[in-house]
Amino acid sequence: MTALQPVFVHGWACGPEIWDPVLAHLEMPHACVVDQGYFSGRSEGSSAVSYLTGLDMNRPILGVGHSQGLMWLLSQRKWPQGSRFVGINAFGRFAAGVDFPEGVAARVLARMQAGLGRDAGMVVNSFRARCGLDAVDPATCHVSALQDGLSLLATGNVYSHMEEMVAHGSTRMVALAGKQDPIVTERMTEAAFPSNIEKVWHEDGGHMMPLTHPEFCVAHIQRLMTEAV
């Protein structure tokens, strides 16, 4: 099989540094590590999508997304057959709906969106505290990027796309979830992924498993890469 092109995408209110413990265990010096630009540090004038321009779009990828990062990656394009995807603390949809009562209420996301315009640091650091992350300097917050990311959480839905990708052809996906995740609960995870996608649970895992349980993440990334279709 053609070598997979590794792509790692962090979730909302995080940065690409969350992948450092995972990448330390993998030999992937040329991995594409996307920065969604929520905080200062990304190259001026660049965008998250620009990180994908170096990929050969005809070759399958190993797409690893944390939380909203998986939804972002799957929303960008139709990836080649044979691609592998690992969702960590992830989901196919996030906002609640009539057919998805397990999701986060729209009013909660609307309140966060309004709060970003008033005090982005407070909204971001409140969320990060729930995830077990340290606070960031509010001055580093890029409000427009945070608003765009939150809009994806509010409106994004790649559930059917996931189901179709795995049902037809050679694409594979696994969802790694933590039973102690305060953001994406066990009930939400079960409902947010189609039944034809494997779910693997960590009893002690919270919402930041790339940081807290990198070996668990690495083991399943490697397994998915090497398993026969």
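This is a predicted model: local features need pLDDT of at least 70, side-chain atom pairs count only at pLDDT 80 or more; totals for chains, interfaces and linings use all residues.
Some ground rules. Residues are numbered from 1 along each chain as its sequence is written. Local features need pLDDT of at least 70, side-chain atom pairs count only at pLDDT 80 or more, totals for chains, interfaces and linings use all residues, and side-chain values use heavy atoms, leaving out hydrogens and water.

So, confidence. The chain's mean pLDDT (the predictor's confidence in each residue, from 0 to 100) is 94, with 96% of residues at 70 or more.

Now the sheet. Helices (H or I, at least four residues) and strands (E, at least two) are DSSP runs, numbered from the N terminus. Six strands make an open sheet in the order β2-β1-β3-β4-β5-β6, and the pairing is parallel; strands pair if DSSP finds at least two bridges between them. Because β2 (32–34) and β6 are at the edges with a single partner strand each, one side of each has no neighbour in the sheet.

Let's look at one pair. β5 (residues 172–178) and β6 (residues 198–202) run parallel, joined by five bridges. Leu 176, for example, has Val 200 in β6 as its bridge partner.

What about the largest pocket: which helix gives the largest share of its lining? That's helix α3 (residues 106–131), with 11 residues. A pocket here is an open set of points on a 1 Å grid over the protein atoms alone, where a 1.4 Å probe fits, with protein on both sides within 12 Å along at least five of seven lines; lining residues have an atom within 4 Å of a point. In total 16 residues line this one, and Val 108, Met 112, Ser 126, Phe 127 and Arg 130 lie nearest its centre.
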